[in-house]
Amino acid sequence: TVTIACPPERIEQFWRDPEQLSVVLGDIAEVEATGEDRYRWRVMDGPAWESRLVTDPGRVRYVGSADDNELVVEYRPAPNDLGTEVT
């Protein structure tokens with residue numbers, strides 16, 4: 001879990017933006033949108049992973065299109081107005 005100095009809404013926006021995800025992941029992976037709420041994750045020197053974005057209150061989930069894999073990011077306001085806790 002990390003605390004990020006921005007509101008929860010900004011965290012959710014970040015996880016929907018494949019360009020920002022690719023920048024943060026740097027040399028690890030690239031992310032691209034392939035349709036509405038559909039994403040392709042390309043790990044460097046590895047296979048691509050096709051996923052669908054599912055949003056729930058306080059979290060986003062990327063669910064594998066052809067497998068049972070899932071990436072889950074949970075977020076909530078941090079105590080003392082310090083931003084957002086992200087897990």
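Guide: Glutamine 20 lies in helix 2 (residues 18-25); helices here are DSSP runs of H or I with at least four residues, strands are runs of E with at least two, and both are numbered from the N terminus. The model is a predicted one, in which local features need pLDDT of at least 70 and side-chain atom pairs count only at pLDDT 80 or more, while totals for chains, interfaces and linings use all residues. Residues are numbered from 1 along each chain as its sequence is written, and side-chain values use heavy atoms, with hydrogens and water left out.

Glutamine 20 counts as partly exposed because its relative accessibility is 25%; buried means under 20% relative accessible area, exposed means over 50%, and partly exposed is in between, with a 1.4 Å probe and protein chains only. Once neighbours within four places in sequence are set aside, glutamine 20 is in contact with Arg10 and Phe14, where contact means heavy atoms within 4.5 Å. Between the C-alpha atoms of glutamine 20 and valine 31, which are 11 residues apart along the chain, the separation is 8.8 Å.

Helix 1 (residues 8-16) has the lowest confidence in the chain, at a mean of 93, whereas strand 7 (residues 84-86) has the highest, at 97. These values are pLDDT, the predictor's confidence in each residue from 0 to 100. For the chain, the mean pLDDT is 95, and 100% of the residues reach 70 or more.

Helix 1 also holds a charged pair. Glutamate 12 forms a salt bridge with arginine 16, and their closest N and O atoms are 3.6 Å apart; the term requires a side-chain nitrogen of Lys or Arg within 4 Å of a carboxyl oxygen of Asp or Glu. Because glutamate 12 and arginine 16 are 4 residues apart in helix 1, about one helical turn separates them. Glutamate 12 is partly exposed at 25% relative accessibility, and arginine 16 is likewise partly exposed, with a relative accessible area of 31%.

By the same rule, the count of salt bridges comes to 9. Another of them links arginine 40 to glutamate 32, with the closest N and O atoms 3.4 Å apart. Arginine 40 has a relative accessible area of 21% and is therefore partly exposed; glutamate 32, with 33%, is partly exposed too. In a further salt bridge, the side chains of arginine 76 and glutamate 85 meet at 2.9 Å, N to O. Arginine 76 counts as partly exposed at 41% relative accessibility, but glutamate 85 is buried, with a relative accessible area of 16%.

Of the 87 residues in the chain, 32% are buried. Among contacts between residues at least 6 apart in sequence, 24% join residues at least 24 apart.
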